[in-house]
Amino acid sequence: MQKLACKKLIKAQEAISILESMTDGFYALDRDFQFTYVNRAAEVAFSKARDELLGEKITQVFKANETILLNYNKVIYENCPITFEIISEALGNKWLEINACPTDNGLACYFRDITSRKSAEENLLDGEHCHITGIIDVTEQKRIQKEMANLERLNLVGQLAAGIAHEIRNPMTTVRGYLQLISAKPNYADQKDAFDLMISELDRANFIISEFLALAQTKPSEFKSQNLNDIVTNLYPLLEADTFTQNKKIRFIPGEIPNLDLDGREICQLLLNLTRNGLEAMGVGGSLTIKTYVEDSTVVLSIKDEGSGIQPENLKKLGIPFYTTKDSGTGLGLPTCFRIAESHKAKLKIFSSSGGTTICTLFPIPDE
């Protein structure tokens, strides 16, 4: 009985950890529509602390919104999940999509801000994005709405997957530790290779999870004014050592560039991913060139390899999570670079031919 209670407690703690890592709001209500749980994202959305919300009725937050009451009653009395949209004056006229599901004690709801999507739909209806004929095709409009809905579902799935991936690392660490302890015992000395293989596979799984979490992370970037050349220079010895072990060459050609608002940790990650891809694309003796320069009000970070280039059909798929042409690749390195570029309001441009590939990251120069 005690073991069962412990297992239930662990599962409950894991579920709460996942809910707290979500960027979408989540809350639970009892049958009187009083809050029994809210996650961090819901606290931010409602601009109230958790202690203020717990015990308060949902109608006090949404100011007696009739749509809320009608739909929540339907969930409870018909015992069926429901998805609906509302506009909330109490939350600054924001559009919210709410998914409500029945539970034993009431209902559980997660919600997301869809104000931008609604604005895009209104623009479509106003004719701002019409076809050449000036008439919006109804089928096309439905297709766009369906794609938007799919993207939001994928976003939620990604957030949940990130939470689960984070929790998987804890038992993996325990397993790795015990494998190390057992492999050190004299009785298992003849099986050292097998233990080393298991540990290396666990390390590889942990690396893939780390890459995935880096892609899915919602932690805000920490920007400060610094020079891109300084970041490359500090990282260059590591890049150089990695290059020499592969019997390849690397050179850095810094240009005169202004300071930018950068997150140094993220830029290092971008540099490591792009140089790693460039080195893996080349054979022995190949040369990788890193350059920085100013062009058209942007600071350009250019990384050029001497590989065989990227096939046109593959070029279109670059940046899609888990898509890779490498046998041992995870397909998460380049998507991470796209995310980092986006957080810096930069653009990634890829030029490829049979003579090699150049990836340029274009950072906007801030106003004085």
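Buried means under 20% relative accessible area, exposed means over 50%, and partly exposed lies in between (1.4 Å probe, protein chains only). The model is predicted: local features need pLDDT of at least 70, side-chain atom pairs count only at pLDDT 80 or more, and totals for chains, interfaces and linings use all residues. Residues are numbered from 1 along each chain as its sequence is written, and side-chain values use heavy atoms, with hydrogens and water left out.

**Exercise 1.** Classify Lys192 and Asp196 by accessibility, then describe their contact.

Solution.
1. Lys192 has 47% relative accessibility, so Lys192 is partly exposed.
2. Asp196 has a relative accessible area of 35%, so Asp196 is partly exposed too.
3. Their side chains form a salt bridge, at 2.8 Å from N to O. The term requires a side-chain nitrogen of Lys or Arg within 4 Å of a carboxyl oxygen of Asp or Glu.
4. Both residues lie in helix α8 (residues 192–216), 4 residues apart, about one turn of the helix. Helices (H or I, at least four residues) and strands (E, at least two) are DSSP runs, numbered from the N terminus.

**Exercise 2.** Describe the salt bridge of Arg339 and Glu266.

Solution.
1. The N to O distance is 3.6 Å.
2. Arg339 is in helix α12 (residues 333–343) and Glu266 in helix α10 (residues 264–281), so the pair ties together parts 73 residues apart in sequence.
3. Arg339 and Glu266 are both buried.

**Exercise 3.** Locate the partners Arg112 and Glu97.

Solution.
1. The closest N and O atoms of this salt bridge are 2.5 Å apart.
2. Arg112 belongs to strand β5 (residues 106–113) and Glu97 to strand β4 (residues 94–102), 15 residues apart.
3. Both Arg112 and Glu97 are buried.
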